[in-house]
Amino acid sequence: MSGGNWKVLGRWGEAVVAEDMRRRGFQIVASGYRTRYGELDLIAQNKEYLVFVEVKLRSSEAFAPGRMAVTGKKQQALRTTALYYLAEHPTALQPRFDVAEVLAPQGVKTQRPQITYIEDAF
C-alpha cells in the first residue's frame, strides 16, 4: 500500500476513535498535533483529564496488536510532544496517555471497526 493510502487509512482510524470518544463524553480539542519530536494523533478532554491518544489501526492482528507498536522510544516521543502542547495550552486537567487500537479488516470499508481502548497506557 502506498504512503498516501496509509495516511488516508490512518486518518480514517483517528476519525473512528474520535467519534467513539465523543459518544463517551469527550471533547476532541486537537488532532494531528505535530512538533519536530513527533505527532499526537488525538487530544481530547473531559471534566477530569486531558488525554493524548495514540491510534493504531490494523487490518489484522496476525502479526501483533497495535499496542505493541507503542514502544518505549515512541512513548518518549509522545511525552515530549505532549510537553510542547502543554506549554502552548496550559490546563489544570490531569494529563493521561491512552492507546486506541482499531481493527478494520476491510480498511475504510469496514462497517463496524473494533476498537480496543487502553486508558492510562503508559
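Colleague: What radius of gyration would a compact globule with 122 residues have, and what does the chain have?

Modeller: The radius of gyration is taken over C-alpha atoms, and the globule rule is 2.2 Å times the number of residues to the power 0.38. For 122 residues the rule gives a value near 14 Å, and the chain has 14 Å, which agrees. The C-alpha trace spans about 40 × 30 × 25 Å along its principal axes. Please note that this is a predicted model, in which local features need pLDDT of at least 70, side-chain atom pairs count only at pLDDT 80 or more, and totals for chains, interfaces and linings use all residues. Residues are numbered from 1 along each chain as its sequence is written, and side-chain values use heavy atoms, with hydrogens and water left out.

Colleague: Which pattern does the chain follow along the sequence?

Modeller: Helices (H or I, at least four residues) and strands (E, at least two) are DSSP runs, numbered from the N terminus. Here there are two helices and five strands, in the order α-β-β-β-α-β-β.

Colleague: How many bridges pair strand 1 with strand 2, and in which sense?

Modeller: Two strands pair if DSSP finds at least two bridges between them. Strand 1 (residues 27-35) and strand 2 (residues 38-45) are antiparallel, with seven bridges, and a hairpin of two residues connects them. Gln 27 has Gln 45 of strand 2 as its bridge partner, while Ile 28 has Ala 44.

Colleague: How many bridges join strand 2 to strand 3?

Modeller: Four bridges join these antiparallel strands, strand 3 comprising residues 49-58; the hairpin between them has three residues. Ala 44, the partner of Ile 28, is also bridged to Val 51 of strand 3, and Leu 42 is bridged to Val 53.

Colleague: In which sense does strand 3 pair with strand 4?

Modeller: Strand 3 and strand 4 (residues 94-103) are parallel, with ten bridges. Val 51, already bridged to Ala 44, stands opposite Arg 96 in strand 4.

Colleague: How many residues of strand 2 are buried?

Modeller: Buried means under 20% relative accessible area, exposed over 50%, and partly exposed in between (1.4 Å probe, protein chains only). Six of the eight residues of strand 2 are buried, so this strand is largely enclosed by the rest of the structure. Strand 3 is mostly covered, with eight of its ten residues buried. Over the chain, buried residues make up 41% of the 122 residues.

Colleague: What percentage of the contacts join residues at least 24 apart?

Modeller: A contact means heavy atoms within 4.5 Å. Among contacts between residues at least 6 apart in sequence, 56% join residues at least 24 apart.
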